[in-house]
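The sequence and the structure come first.

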Amino acid sequence: MSVAALGLDPTSLLATAVFVLSLIWWLSTRPPPGLPPGPGPALPFLGHLHLVKQDPRPQFRQWRRQYGDVFSMYIGSQLVVILNGYKVIKEALIKQADVFSDRPQVPLFSHVNLGEGLLSGSGPLWKATRTTSLNILRQFGMGKNLLAQKLQEEINEYLKVIASKKGQPFDILRLTQNSVSNNICSIIFGKRFEYDDPVFQEYLQALEVVLGTLSPTCVPLLFPSVRFIPGDPFHARKAISCIRTVMDKFIGPSIETHRRAYEEGSEDDFINAYIRQMKLHKSGLLATNEEKEFPRTITDLFAAGTETTTTSIRWTIVYFLHHPDVQEKCYQEVLKVVGTGRQPDIRDKPEMTYLQATIMEVLRIANVVPLSVLHATSGDVTFSGYHIPEGSYVVVNLDSVLHDREVWGDPDEFRPERFIGPDGKLIKRDEFIPFSTGRRVCLGEALAKMELLLYLANMIQRFRFLPPEDGRLPSLKSILGSASYPKPFDVRFVPRE
């Protein structure tokens, strides 16, 4: 029976349906009493997403000035609270860590049948996974001289390829990804991969797509249904396909190979050590949903161990090209401490103060993970005088700390000297938190710091970093995905005489 036969006006019926849906939406997104302030009423289906660009940092800075250090918005129907400033972030992640240390359940990942792993997990299983992983990484020398020796071998292969370019300009992105990823490969799999290995290349390309297209306000993360839109305008299907490539073609087969080899008594690496822990605790948390959790844990280690260090090295080169005086000061320090008769190693770290300060300044100003990784509240909480409901998404805005004018004075200036005191020693400020803070602080911080020092010291000793012959300098503007990436650029590595 038609709508007209029932005596109903189709236009009125449509208007009524729109009104009812809008009312339901308004009621579901109406700020409850005591919620942190925000940018006005939310739109149906979008929330405040229409106000935020791919890079939300400029908008967040404006809202911080307008609403204060704690403000909120809606993405779709999901409440998102943004934390700004060191004191607020410290209060949340350290003093009230029990409430602010969870991760949200991201709808997109549920469609690729992933576990929670290190990055997305919460609760007792995540704690057991992180504790076990950290203990194993320490066992294999993370942050110690033993690992530094292995890194040096990989760095030598990296330097050979750079030297083969004979001072011609090229983009170091893929080469640096290959080399840095090999460091975590050595720990996890007990092996490195040749730079032209096709499976390794496919994995890195897939990882690059996933991490390059996902940001904290990414549409596919919060609206997984967009994967059905023809043409895949938000790259949701592409991201899902790349995730499956990494899991099915690289991580999964590697784990199965290790499972078989483990029974034959193979040498230890991270996977074998983790398998041993799962066998020792068959009825414990580590064995919970093992088929999903184990591969996701390995994938998280890979992603974290590859992209952030690669991106930090590239940003350092960008700033060296813009500030040749800083590059020269770093070289003179390496020359004074190490000379030319041997390669820099981790034992030289205490004497390379200026290079360490330069790395710290790059991590501050480039701010590789400016919005950290999304947190979620595990229960209702009163925070800074506001009521934040259970299940709220929480953005830890590290940009608000690392670029805070009240802390740094001239945050937009590249000035390594800010980290060196009058006594010539490094200044370690509490507000310097590029790896975040609290229970969710980056698991690979020690490895990343070691890699950055060794890669850059060895590169500086052997090469001058110069722009292409036309003098074109790389952009200082970034591309925001899961991290803040420099735009593609070419650089010449000219051997020092």
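**Aromatic pairs and core packing**

Phe320 and Phe465 are both buried. The model is predicted. The two residues form a tilted aromatic pair, with 5.6 Å from centre to centre and 35 degrees between the planes. Phe320 belongs to helix α14 and Phe465 to strand β7 (residues 463-466), so the pair ties together parts that lie 145 residues apart in sequence.

**Other aromatic pairs**

- Over the whole structure, a search finds 25 aromatic pairs.
- Tyr203 and Phe302 make an edge-to-face pair, because their ring centres are 5.3 Å apart and their planes stand at 75 degrees, over the 60 degrees that this class requires.
- This pair also links distant parts of the chain: Tyr203 sits in helix α10 (residues 198-213) and Phe302 in helix α14, 99 residues apart.
- Tyr203 and Phe302 are both buried.
- A cluster linked by ring pairs contains Phe189, Phe193, Phe200, Tyr203, Phe250 and Phe302.

**Nonpolar cores**

- The largest nonpolar core has 102 residues, and the members that touch the most others are Tyr158, Phe189, Ile298, Phe302, Ile317, Phe465 and Phe493.
- The element giving the most to this core is helix α14 (residues 290-322), which supplies 12 residues.
- Leaving aside residues up to four places away in sequence, Ile317 touches Ile172, Met459, Phe465, Phe489, Val491 and Phe493.
- There is also a second, separate core of 21 residues, with Ala92, Leu93, Val99 and Phe100 among them.

**Helix α9**

- Helix α9 (residues 173-188) consists of 16 residues and spans 22 Å from its first C-alpha to its last, close to the 22 Å expected at 1.5 Å a residue.
- Of the 16 residues in α9, 14 are buried, and the helix is mostly covered.
- Gly190 follows α9 and has a positive phi, near 75 degrees.

**Packing of α15 on α16**

- Helices α15 (residues 324-337) and α16 (residues 353-366) pack at about 145 degrees, and their axes are 8 Å apart.
- On the α15 side, the contact is made by Val326, Lys329, Cys330 and Glu333, and on the α16 side by Thr353, Tyr354, Leu355 and Thr358.
- By class, the residues of this contact are four nonpolar, two polar and two charged.

Key
Residues are numbered from 1 along each chain as its sequence is written. This is a predicted model: local features need pLDDT of at least 70, side-chain atom pairs count only at pLDDT 80 or more; totals for chains, interfaces and linings use all residues. Side-chain values use heavy atoms; hydrogens and water are left out. Axes are lines fitted to C-alpha atoms, for helices over the stretch in contact, and angles run from 0 to 180 degrees between N-to-C directions. Helices (H or I, at least four residues) and strands (E, at least two) are DSSP runs, numbered from the N terminus. Contact means heavy atoms within 4.5 Å. Ala, Val, Leu, Ile, Met, Phe, Trp, Tyr, Cys and Pro count as nonpolar, Asp, Glu, Lys and Arg as charged, and the others, Gly among them, as polar. A nonpolar core is a set of buried Ala, Val, Leu, Ile, Met, Phe, Trp, Tyr and Cys residues joined through side-chain atoms within 4.5 Å. Buried means under 20% relative accessible area, exposed over 50%, partly exposed in between (1.4 Å probe, protein chains only). The expected span of a helix is 1.5 Å times one less than its number of residues. Rings of Phe, Tyr and Trp (its six-membered ring) pair if their centres lie within 6.5 Å; planes under 30 degrees apart count as stacked, over 60 as edge-to-face and the rest as tilted.
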